[in-house]
Amino acid sequence: MTTLLINGTQHQIDAEDDMPLLWAIRDLAGLSGTKYGCGMGLCGACSIMLDGKLTFSCTLPVSAAQGKAITTIEGLATDKGLHPVQQAWVEQDVPQCGYCQSGQIIAAAALLKQNPHPSDEEIRAKMSNLCRCGTYQQIFAAIKRAAEIQGAQS
């Protein structure tokens, strides 16, 4: 048995150490918001935060996540409401097909956690997740709006 701390809750899972973390999150912990995309750590659909840092869960083995805090899309909102990035995503009407959006939101939240006021260049440099619908302009606008919301809340 392996213990994973996902969204503040400890999950006891029965997984091989080399199982991709994505499958442990989705299939064993039952949190299906994190998506499978390319399986090679290229598209970002499987993005999570590991100790607050953006991580692709499709290529990370379960053993590398033990003892660390995992945050998935399900862990962003609190009892107080949506995370500023989620709120901005709704305001900017970002999703089209929606498949990549949980990874995009996690990537944006990780960016704003490290840099609450990113420049346009920093956003372009850090947001490397792929969107087959091409919602990049809405994503960019939502990140700027999320920074405003986050700033107003602090």
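This is a predicted model: local features need pLDDT of at least 70, side-chain atom pairs count only at pLDDT 80 or more; totals for chains, interfaces and linings use all residues.
Residues are numbered from 1 along each chain as its sequence is written, and side-chain values use heavy atoms, without hydrogens or water. Local features need pLDDT of at least 70 and side-chain atom pairs count only at pLDDT 80 or more, while totals for chains, interfaces and linings use all residues.

The largest pocket holds about 160 Å³ of space. On a 1 Å grid over the protein atoms alone, a pocket is an open set of points where a 1.4 Å probe fits, with protein on both sides within 12 Å along at least five of seven lines; lining residues have an atom within 4 Å of a point. The volume is the space filled by probe spheres set on the points. The lining consists of Gln104, Ile123, Arg124, Met127, Asn129, Tyr136, Ile139, Phe140 and Ile143. Two or more of these residues come from each of α5 (120-126) and α6 (136-153). Helix α6 gives the most, with four residues. Helices are DSSP runs of H or I with at least four residues, and strands are runs of E with at least two. By class, the lining has six nonpolar, two polar and one charged residue.

Strand β3 (residues 47-50) is covered on both faces. Ser47 and Met49 on one side, and Ile48 and Leu50 on the other, are all buried (under 20% relative accessible area, 1.4 Å probe, protein chains only). β3 pairs with β4 (residues 53-56) in the antiparallel sense over four bridges; pairing requires at least two DSSP bridges. Here Ile48 stands opposite Thr55. Two residues separate β3 and β4 in a hairpin, and Asp51 in the turn has a positive phi of about 50°. β3 also pairs with β5 (residues 69-71), antiparallel over two bridges. Met49 stands opposite Thr71 in β5.

Notes: Ala, Val, Leu, Ile, Met, Phe, Trp, Tyr, Cys and Pro count as nonpolar, Asp, Glu, Lys and Arg as charged, and the others, Gly among them, as polar. Buried means under 20% relative accessible area, exposed over 50%, partly exposed in between (1.4 Å probe, protein chains only).
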